[in-house]
Number of protein chains: 4
Amino acid sequence: MDWPPSPDRSFASDNAAGAHPAVLEAVAAANVGSALAYGADRWTSECEDAFRDLLGDVTTLLTVTGTGANILALGSLLGPVDAVVCSANAHINVDETGAPERILGTKLIDLPAPDGKLRPEQIDELAHYLGVPHHAQPAVVSITQSTELGTVYTADEVADLCDTAHRLGMTVHMDGARIANAAAALGGDVATLRSFTIDAGVDVLCFGGTKNGLLGGEAVVYLRPELARRAMYLRKQVNQLASKMRFVAAQFLALLTDDLWLQLAGHANAMATDLYAATSGLDGVDHGAPPQVNSLFPALDAALIEPLRDWTFFYDWEPARRQVRWMTAWDTTPHDVGQFAAGVRAAVSDGTSGEN
Amino acid sequence: MDWPPSPDRSFASDNAAGAHPAVLEAVAAANVGSALAYGADRWTSECEDAFRDLLGDVTTLLTVTGTGANILALGSLLGPVDAVVCSANAHINVDETGAPERILGTKLIDLPAPDGKLRPEQIDELAHYLGVPHHAQPAVVSITQSTELGTVYTADEVADLCDTAHRLGMTVHMDGARIANAAAALGGDVATLRSFTIDAGVDVLCFGGTKNGLLGGEAVVYLRPELARRAMYLRKQVNQLASKMRFVAAQFLALLTDDLWLQLAGHANAMATDLYAATSGLDGVDHGAPPQVNSLFPALDAALIEPLRDWTFFYDWEPARRQVRWMTAWDTTPHDVGQFAAGVRAAVSDGTSGEN
Amino acid sequence: MDWPPSPDRSFASDNAAGAHPAVLEAVAAANVGSALAYGADRWTSECEDAFRDLLGDVTTLLTVTGTGANILALGSLLGPVDAVVCSANAHINVDETGAPERILGTKLIDLPAPDGKLRPEQIDELAHYLGVPHHAQPAVVSITQSTELGTVYTADEVADLCDTAHRLGMTVHMDGARIANAAAALGGDVATLRSFTIDAGVDVLCFGGTKNGLLGGEAVVYLRPELARRAMYLRKQVNQLASKMRFVAAQFLALLTDDLWLQLAGHANAMATDLYAATSGLDGVDHGAPPQVNSLFPALDAALIEPLRDWTFFYDWEPARRQVRWMTAWDTTPHDVGQFAAGVRAAVSDGTSGEN
Amino acid sequence: MDWPPSPDRSFASDNAAGAHPAVLEAVAAANVGSALAYGADRWTSECEDAFRDLLGDVTTLLTVTGTGANILALGSLLGPVDAVVCSANAHINVDETGAPERILGTKLIDLPAPDGKLRPEQIDELAHYLGVPHHAQPAVVSITQSTELGTVYTADEVADLCDTAHRLGMTVHMDGARIANAAAALGGDVATLRSFTIDAGVDVLCFGGTKNGLLGGEAVVYLRPELARRAMYLRKQVNQLASKMRFVAAQFLALLTDDLWLQLAGHANAMATDLYAATSGLDGVDHGAPPQVNSLFPALDAALIEPLRDWTFFYDWEPARRQVRWMTAWDTTPHDVGQFAAGVRAAVSDGTSGEN
């Protein structure tokens, strides 16, 4: 069978997308004259206000990478003998090259979470570590919203985790590299965002920007501002203080204006839903449940993977299960979805006809 | 006396300047469609080539902050019991919030350097530490070019330091946050850059971009590529792997095209020279030697500092000596210099007349 | 039922035992006049020789705590982005308060090991992490011999793990806090020790002393001496360089003389076997397999635990399964075993009769 | 000239001395039956009481090395962005192989102190670092009593430093590896010890044992017990939790009984005074002021050093100034002093006669 042209945009990751035009325009608009470095500029100040409008009485520090945001957030919560509890597949556990251990000196206690989500009873089971000098002391529960597996915690689930953590004297960090996708999936408005963050009891939130249309930028939002007491020092120490901060702030201001962050994430989610529909029921494409956010994790017949990947790149997820990951982004178009689905059908057709 | 309007651009720091238009254009031009994240894009590849054109057979990794660049560079050179030798006023020693100690776990051995420059004999004097298990082992000499005090090492001076360090089994790191200003000052061409870096024996170089017209971006250039063996992992671990790397690379490509980096730095240097001339000989303004790069460190009469700072902000340098720092940048105009000098004269006039 | 007197010696841990008389005598004998500190004394030199007699061409550094020994050993093997692979119940993972993460900045990748033993295929499954910059790089396989669960690796099992690790470019650390018990269990002579350490390909070994009759002291034995290149510095840096080293060395010399280490461990093992026999078949005492070394992990009826513990202390192991740990030591006597078994029978009798 | 026999005991360091007989006896006496590990034994409990008798309402944790004691103490006082202020010649700065930087991730701000003693105004000068995010935040002042240069702080001097530190929000750590020598020098009773520690405002004290007659053991005494909140975890994490703790505690109990610690240190100090007298006025032996504690730092004629060192070993102090260090210890006898002085005279005589 003839293969269609490969899609104009990648389905490898939402990191492969560029920046939204409004973001670039905001950067250009901020490039006027001088502005004091390190955040002593009006864009940064306005950005802090914008996060207060969004989430209430919070303190926000901008960072330049997602790993950096997590490190700053966790570092604000940890004492020397403290440990972070997270899921086994958490980004901080498997995709940050050991940054928490190296920079913060902290132990990660990683718990099994087949759907990417921790459960309160898993936290409770660690209570017997508390008070015993031989064990690193569980001090922070870190959850990812939406998770690395494309699932989302409901507001109630987050609240239950927070209650458990707080009851044990622990705090809760939310890695929200894709928080906008979760907010879009769970309701699509600001109230939804609040429901599973500040209202649920999360202590510190990493609010992702890069994957949702920025050139690059993340925000660490201290939902309990007193936790930010040493954050301005710590941000510099962990390599995350941008000198020309106005350009990070201007990007976020664009993203937070008129709920652009929700629109972009909602669009990415919708494209994933469309892709799921367009590729379901094909031989050799074993989808699980429909996507909650902007990622699909199909298991593919072995014969399909390489031809399809040669045609347009995507990543393996669990090679042993022939599971791959397809992601949509803020800039994925229906036409891209159509092209990609056509390619999948071509691969299936080749595979079935034995031509591969 | 009536004060003139304050200058359009700040003299507080070269960090207060925005981005050069060519840099912004390059970012916009790179914002087309998808590109794989983390450097697997064509801009990053071209940028690596551009650094090879500039400096020879080198390996280059881009980072997002200057502290991050230094940490990556030093981290590539250090084993667990190793120490970094630097000047007491080195940026890594006093202006990075202890990042080397925290992230790398290394000791800094800071030596007096009244003009910002280390001397080979200071390195030799540390030789008796080598081989003694009670002492952190001096392993890296870190120098800053141009220095934090606005001075520059000659190529011979760098070569002598490198020879001494290498003879003792140590390596040399150059913090080149303002390397372009040094290159412009010492000759203004690529051969000059090479003379005090790769030709002089420097092992790893941080080539600054942010202070010289980028939105934000630095380059760690391994002049001995074998030292980069673990750098791609280390960059991620120290929070410096930008996901949308193309936008950092595109900025550097613009800067390295047609020697823009040299033009911008040369201009900044020239503006500092003009400012020196325009403010010399005034009562209460005690300049030292003429500037070598883009910074002046005058000692001011106590009565001058606050009125002048209220009019346009600048930083103290050594408060005890009433020394301040004035910096020019790539975007400083002769008109800015004129305005600033007029303000200095107004302050002096007020101070002299006792009106202040 | 009347309870017997509680045993003269504790079954809580082999750490609860004192020092063997020969060890104390050796310390007293070394307390003559002056000896240069930090290992420049003849006892230390003789101790290094003794380990060469035992294990071949090795380099040995003595330390003062078991956690310290592991940290020194692992620290000698790790680069900045490296991770340690270990079992989930490894002492370094759960009983050292996060020391590896804090002091070495390393990630621990902990793998399930229901019997305390890693399998080569578990190491192979981590191969896909190698070369990917987002993952800490698996670099060291750490195994415990005998394990935290009282099992032992055969020489072949260790060799298979070493082969796998070395094939992937990794090294192997053996935490031998109870290595003597393993050697006694597997053959009881020096050739046995060699078979599962240097002959099997282990790179660095922690040879435990404290649990086997010393006042306190451990030995890090570099079976590949080139790995000790920076160890003398690292030992001081990680707080493990005793100043009056002769007193640590003298203890080890006593332990290594006339195979005292094997005799003491063999005796402890035999006592555990006796205790197993004496407490098997009792209602409410659910032993698993007979002990391989000097620990038993019975599951007890809920009603038994507290009365028995009040009578003589021991630790919970897995509270959820009502599993406890009973340990024998070098100084446990047959009479102690008889007393302890009598107490268990008394508890069972009380439990059965409903008197508890 | 004929040389006398070299002395029976070393003048190289007080670390070269053995243990006091009472200490060995206490260890032997504690070696009876079982005792729970990690400090849950009666000797440790009694030792904690003994320190309360000595210093008031304090919390004491025993450690196994001096570097470890300093690391535990400092680690209890430091947050992530904090720095330690110390003298340039502080043991933590030059003789602990960078342990504070590596284990604690902290910066050391080392200040010149020609006589080994910090001054309050040096602390005040660092106040401008406070609140600036680019600087590691001075948080702990660490002083050594007696100092590495053999000097002692008076109680008033310590109090002034503590007042300054506390006024700036900082705490004070005292490295008392040789605190007994200072107490003996300043008054020789317990009241003296209190005057320059708890009464002067010191927050955490490392009370040295090893150099004053123990086999090995140090005590971290939290003079403000609330600072010990996480210390029991931290001690394990930094490799300093001895499992058979009773043997460390028993040593300290012996030392604290009947003021043995003061007697031993007072004797060592007296021997240094005698040695000073016996070697003053000799050609080529340039003593400074008389010793305050148990160390002499004479500058020697170049021709004297090697012959004398070959006869009995001692360390260089500042080679550039031909300065060496001679130390006495608790076990130095008048006869040893006489022998050593005779050797010095022999070296001088040889040097003068040109026979060397």
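In the predicted model, two salt bridges are counted between chain C and chain B. In one of them, C:R230 is paired with B:D82, and the closest N and O atoms are 2.5 Å apart. The contact between these chains involves 18 residues of chain C and 18 residues of chain B. About 1,600 Å² is buried between chain C and chain B, with carbon and sulfur atoms giving 60% of this area. Seven residue pairs in polar contact, both members at pLDDT 80 or more, are also found across the interface of chain C and chain B.

Chain B also meets chain A, where 53 residues of chain A are in contact with 53 residues of chain B. On the side of chain A, the residues that lose the most area to chain B are A:R102, A:N239 and A:K244, which together account for 18% of what that side buries. The area buried between chain A and chain B is about 4,000 Å², and 50% of it lies on carbon and sulfur atoms. Zero salt bridges are counted between chain A and chain B, whereas the count of residue pairs in polar contact, both at pLDDT 80 or more, is 36.

Within chain A, the domain assignment gives domain 1 (21–257) and domain 2 (261–352). The contact between them draws on 24 residues from domain 1 of chain A and 16 residues from domain 2 of chain A. Taken over C-alpha atoms, the centres of the two domains of chain A are separated by 28 Å. Together, domain 1 and domain 2 of chain A bury about 1,600 Å² between them, 64% of it on carbon and sulfur atoms. No salt bridges are found across this interface of domain 1 and domain 2 of chain A, but five residue pairs in polar contact, both at pLDDT 80 or more, are counted there.

The largest cavity holds about 50 Å³ of space. Its lining is formed by B:S146, B:T147, B:E148, B:G150, B:R178, B:V293, B:N294, B:S295, B:F297, B:R325 and B:M327. By class, the lining residues of the largest cavity comprise three nonpolar, five polar and three charged. Because domain 1 (21–257) and domain 2 (261–352) of chain B both contribute residues to this lining, the largest cavity lies between them.

Note on methods
Residues are numbered from 1 along each chain as its sequence is written. Chains are lettered from A and ligands numbered from 1 in the order in which they are written. This is a predicted model: local features need pLDDT of at least 70, side-chain atom pairs count only at pLDDT 80 or more; totals for chains, interfaces and linings use all residues. Side-chain values use heavy atoms; hydrogens and water are left out. On a 1 Å grid over the protein atoms alone, a cavity is a set of points where a 1.4 Å probe fits but cannot get out, and a pocket is an open set with protein on both sides within 12 Å along at least five of seven lines; lining residues have an atom within 4 Å of a point. Grid points are joined across faces, edges and corners, and a volume is the space filled by probe spheres set on the points. Ala, Val, Leu, Ile, Met, Phe, Trp, Tyr, Cys and Pro count as nonpolar, Asp, Glu, Lys and Arg as charged, and the others, Gly among them, as polar. Domain bounds come from an automatic or database domain assignment. Contact means heavy atoms within 4.5 Å. Buried area is the accessible area (1.4 Å probe) that two parts lose on being put together, summed over both. A salt bridge is a side-chain nitrogen of Lys or Arg within 4 Å of a carboxyl oxygen of Asp or Glu. A polar contact is a pair of N or O atoms within 3.5 Å; within protein, one must be able to donate a hydrogen and the other to accept it, and residues adjacent in sequence count only if both atoms are side-chain atoms.
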